[in-house]
Amino acid sequence: MTLATTLATTPAIARGASVLALCLGLAGCASLDTPIAPGAPRPFTELTPAPSGLRRLSAAQYTNSVHDIFGDDIVVPPASRLEPDVDSSGYLSVDSSSVTISRRGVAQYEAAAYDIAAQAMDASRRARFVTCAPVSADDAVCARTALEALGLRLYRRPLTREELDAATGIATASAAALTDFYDGLEFGIALLLQSPSFLFREELGHDIGDGQRAYDGFEMASRMSHFLWNTTPDAELLGDAASGALDDEAGLAAATERMLADPRAEQGAREFAFEWLGLSGLDDLVKDPSVYTQISPEVGPSAREETLSVVAHFFRTGQDARELMTTRETFLDRKLASMYVVRAPREDFGLVTFDEDSPRPGILGHISILALYAHPVSTSPTLRGRFVRERLLCDPIPQPPVGVNTAIPEPSADAPTLRVRLAAHQEIEYCGSCHRRMDGIGLGLEAFDGLGRFRRLENGQPIDASGDLDGHAFEDARELGQVIHDDTRFTGCITRQMYRIATGHIETEGERGTLRELRIAFASGGYSLSQLMESIVMSDGFRRAVPQAEEAP
Amino acid sequence: MSRAGRGGLAVVALAASLAGCMANGPGGTDDCVATQPIRSSLVRRLGFARQDPDGISEGFDLDGRVSDRGDATACGRADFVTPEGVPGIDNQIARLVPLVEAQAGGVSLDDILKTAINNGQMLLAIELEDLDDERNDSCVTVQLRPLMGTPSLGTDGLIEIGQTFDAREGGVVSRIEGARLADGVLQAGPAELSLPVTILDASFILHVHDALIRIVIDEEGNFTGAFGGGIDIAEMITVSQSLNVPSALMGAVMLLLNNNADLDRDPGTNLCGQISATLLFESVPAFVYD
Amino acid sequence: MSPRKTGRSSSRLSLSRRTMLRGLLGGAAVTIGLPALEIFLNDSGTAYADCGTGIPARFGVFYYGNGMIPAQWNPTITGPDYDLPLMLAGLAPVKQHVTVVSGMRVLTTNTSPHGSGPAGLFSGADLVDDTFVGPSIDQVIAAEQATRFQSIEVAVQRSTNSWSMTGPHMVNPPETNPRALFDRIFGGGFSLPGEGMTDPRIGLRISVLDAVTDQSRRLQSRLGYADRQRLDQHLEGIRQLETQLSAPPPDNVLCMRPPEPDADYPDVDGRPQMQAIHRAMSDLLVMAFTCDQTRVFFEMFSQPVNNTLFLDTAAGHHSLTHDEPGDQPQVGEIVQFIIGEYAYLVDKLATTAEGAGTLLDSCAILGTTDVSYGRTHALDEYPILIAGSACDRLRPGWHYRSLTGENASKVCLSLLGAMGIGVTSYGIGAAHTTVGLGDIEGTG
């Protein structure tokens, strides 16, 4: 996450989470962890789902969709030449529900559309999309057939007659002007690629009474594939939508199971991990090379790949997600292996198992998180502690107060370690009330420097990584990982954040019941991430909506 | 560690006397059974121990004699004294190295070695086997093994720690058994060492006779240390020729070698056949693919 | 069709824009006048005469992150002979063009340490839902432009973030690479007079954009309010692209295609090449003004809360602002460097001829940051620089010091007035003002 978005992120996390903090304050929440006997009546409040609406494709979804629809051999412009993703809320998926397309983005999508359309109509590829033999340059029947098939994939629903007429009209008029069928068809395809119906996912729902809406089959297909695969529905899923298979529980479950077994599901798991852990900032990791001699441009992206690989591994194997805080298994390339000082795997990002006495607490001990939540020349117990609070425990930290002196003492003989220096924050009550909640956790990770390298000493002094997380003492990072593993808030927080990412909004009070059901389902499924994904798809919160307000608030 | 190493090669505590080599380390075990995996360390800095003015140099007392110019056994070559004042140090090559560098137009042998190490031409692992204690162990086997691979360099221009390499196929391996580790200082030898050297366009095996090794292991597992021993004059000349040393310089090198030889005196000719030498090194944890 | 194609687009534009801006400002007292285009263009639509009548007024923002230190920034002398404290030392060569406004206060609620200041100054309102409630000041001005680009956004520090917003959640993503900026302005779509020939594909592309517009409108009819707003922005972008595709070549003889900048500016010793990137971008922006490709730009020199390693400083910028002890000499060095880069841009404009004067004569280039004193995230003593007189509508080369902590929105209202934007107020709530800052206004 860039520093700017760090700033922009905070209030939203705080706001979203504060809704749930409120929830936790309610008496009912104390019993959340008690499994409910099968068959027991659901004591939950009635669902008030979130408003439906448009979600803009992320750069990854755009790229994945083009590859799925046109072929992996199509060169898609890099993300730097597409409208950039935004994560001002802390989750790209949530921002996808509020972002639009800028003037620059319109021009970029236009350029990309012609680039992709030209590749698709290249003599080597056009047969994939044009199965008829055009009888003339402006053969409308043949153009229409091709555009109808492509349109179904690109819009994730059949084109309306009007839309198909327009695309065919563009294609034939262009073909006539350029005297070539395929050159003309490029323009028809470019229209589809620039349409808001492609660039935005239209997930509007239809009225089902009581002021609520349900998503129809094609809308569900789109929601499912973008959540589970981070890409567009395949032909089979669109077939399920057309046949009505997604309209009932059994059909939905069958489709979800098929999708989770598909290799593309790993893309969905990785996207979840990427957003959950806020790893976008790893592209522009700022570290002082005179302090961290192992920094190089590939460190950030490699470290991210490691963490995503571990989460994907948990997803594939169904391993208990709590063990993300304790696992010694990871996936490294040569660079990372040297930074962890372990034998590199033969193949990049092959499986590596840390020694039993490794100091690393699962993904919390990954270079990705330790380096990202730190400063350019030092660690930051505050940033690391805030990460644990907000991303692992969903326990929000308010914005720092303004108008106060934020300095901490310089290192000195009296205060050689950051632990001692930070104590100042905690002694001042208006700082300490928040800093104690962050720094106390973050200091548990002080045995890892600002780049995530293990260290025993800081300025010649042995590192004290002991601490306390809400009454649970730990001696070092491994024990901190175990404390988080054992904290019921951790799995609740995973549930909540996956739900945010799946549905594209910060959960509302009206979704408490859905979230409680999901938490229980996660627990009873042995904290399997893939089972949680399936539960979310099957949940009413994912399938239902209320209409967006018609008028300005 | 890397910052401290930025200057010249510094060898910590080389002054530990050879006598210490014979003592059992406190708390060390005597059995040669390994309880820890082989520990590999990659030499990332290597250079000749240089002489300071006034006859001071790092090194070893290889012949057990404190020689002055009148000591015929050492072919009249006076020994050095370590910076800590230990006398009898045999490192006659220290007299020769700067002269050769000057004769060759100001090249730096250490730089040539550094380039060879950094570009992966000359990767040498020092490996400790039979370890059962990190600091004290009276029975350790030291192995020198050439590796291959493309090392990654840090922003300080040194090979980064913790990298994994392949063993060099057909590389010459030297093993010294019975080394002793006491308080984190390992001493080994005397033994015959074969150092595989690849510099410039040449590769050769440098044989070091009656070699002694001393290694200081720090808390982070980094090694600083030295090899010392006798190098055959004849072999050095052969090696120099293989390096395409210009003939004018070659004559000077031969003269310098012969004039500074101090070991392996032939009682018949009264000429010394070997020159004493000390190489200082710094090495960092590394891994070798099985 | 009218021979002035831009005119056709602009009249279509301004209606919708006006509606949109009204909506975005939530009914605040904003009245956008008739298309301001008429003020700027003579009958031929392109030939300029005098500043303010033929030559268009131009607006730019130079923003950097992490604030300043008032004692090292605020001049002690007011008026034209003001002094230059350490942080402003770099202004020396261009001092006569730069007005320093000190002592102003951004009157929004200070809830977000590096966000409330920009929200208050640029949008005149609090941050709501982490975003501006309406367009940023540059976009209020941009909405009135009919140039090939209504505005250009750049960022020297690599980021997709910007304070330039057309409305809530509607960030204008900046160009972060000088070559990409060159390609956008002076690449394929740009031709000098006599250079280009009519590409038959352009007409076809416009037809496609018209078809996209139809689809977007139809989709809008099924959407709620918020999503309709989002598609309005999409439609706006499509219209801008149509304008670009049909824009006539510039007819200013001083307009030239500038040299292509380097493709990459890799970090040197782990530190970004801020100066080289900024200067390459500045040169392009200046030529974009000369060629009248745009009249508005927004530069994010660095991001709020950025921890960029500047110069040879020992820590990231943001960390230093909080942790450096004493007078914070390293922070001083960084801000001095940044203001020196602002001065580079100003000097470039001041030495580029146009009409009887220079480009800077027609400009107002606002230089500012996100807080005043970085260590405490203060919003009083807000740092504001203005370069250029906007065709004598502003008073350049002056230090105005407010002794009463006046509302910084006054400056923005004066700037909008100088740009010929017919608004009668700026800001919402505490930041609201109906009067500008007379002391910085000119005679034009």
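Two residues are taken to be in contact if their C-beta atoms, placed from the backbone, lie within 7 Å. By this criterion, in the predicted model, Thr491(A), Gly492(A), Thr495(A), Arg496(A) and Tyr499(A) of helix α20(A) meet Leu515(A), Leu518(A), Arg519(A), Phe522(A) and Ala523(A) of helix α21(A). Five of the residues in this contact are nonpolar, three are polar and two are charged. Helix α20 spans residues 488-503 of chain A and helix α21 spans residues 512-524 of chain A; their axes come within 9 Å and cross at roughly 120°. The angle therefore makes α20(A) oblique to α21(A). The crossing of α20(A) past α21(A) is right-handed.

The contact between chains A and C involves 68 residues from chain A and 65 residues from chain C. On the side of chain A that touches chain C, at least two residues each come from α1 (3-25), β1 (53-56), α4 (103-120), α6 (161-178), α7 (181-194) and α8 (196-199) of chain A. With eight residues, α1(A) gives the most to this side. The class composition of the side of chain A that touches chain C is 36 nonpolar, 20 polar and 12 charged residues.

The largest nonpolar core holds 284 residues, of which Val346(C), Ala364(C), Leu416(C) and Met419(C) touch the most other members. Helix α11 (residues 329-350) of chain C gives the most to this core, with 11 residues. When neighbours within four places in sequence are left aside, Met419(C) is in contact with Ala57(C), Phe59(C), Ile141(C), Ala364(C) and Ala390(C). Another core, of 55 residues, lies apart from the largest one, and Leu159(A), Ala175(A), Phe198(A) and Ile238(C) are among its members.

Terms used
Residues numbered from 1 in each chain as written. Chains lettered and ligands numbered in written order. Predicted model: local features only at pLDDT ≥ 70, side-chain atom pairs only at ≥ 80, totals over all residues. Axes fitted to C-alpha atoms, helices over the stretch in contact; angles between N-to-C directions. Helix = DSSP H or I, 4+ residues; strand = E, 2+ residues; numbered from the N terminus. Parallel < 35°, antiparallel > 145°, perpendicular 65-115°, else oblique. Left-handed = near helix turned anticlockwise from the far one by under 90°. Nonpolar A, V, L, I, M, F, W, Y, C, P; charged D, E, K, R; others polar. Core = buried A, V, L, I, M, F, W, Y, C linked by C-beta atoms within 7 Å. Buried ≥ 20, exposed ≤ 12 C-beta atoms within 10 Å, placed from the backbone.
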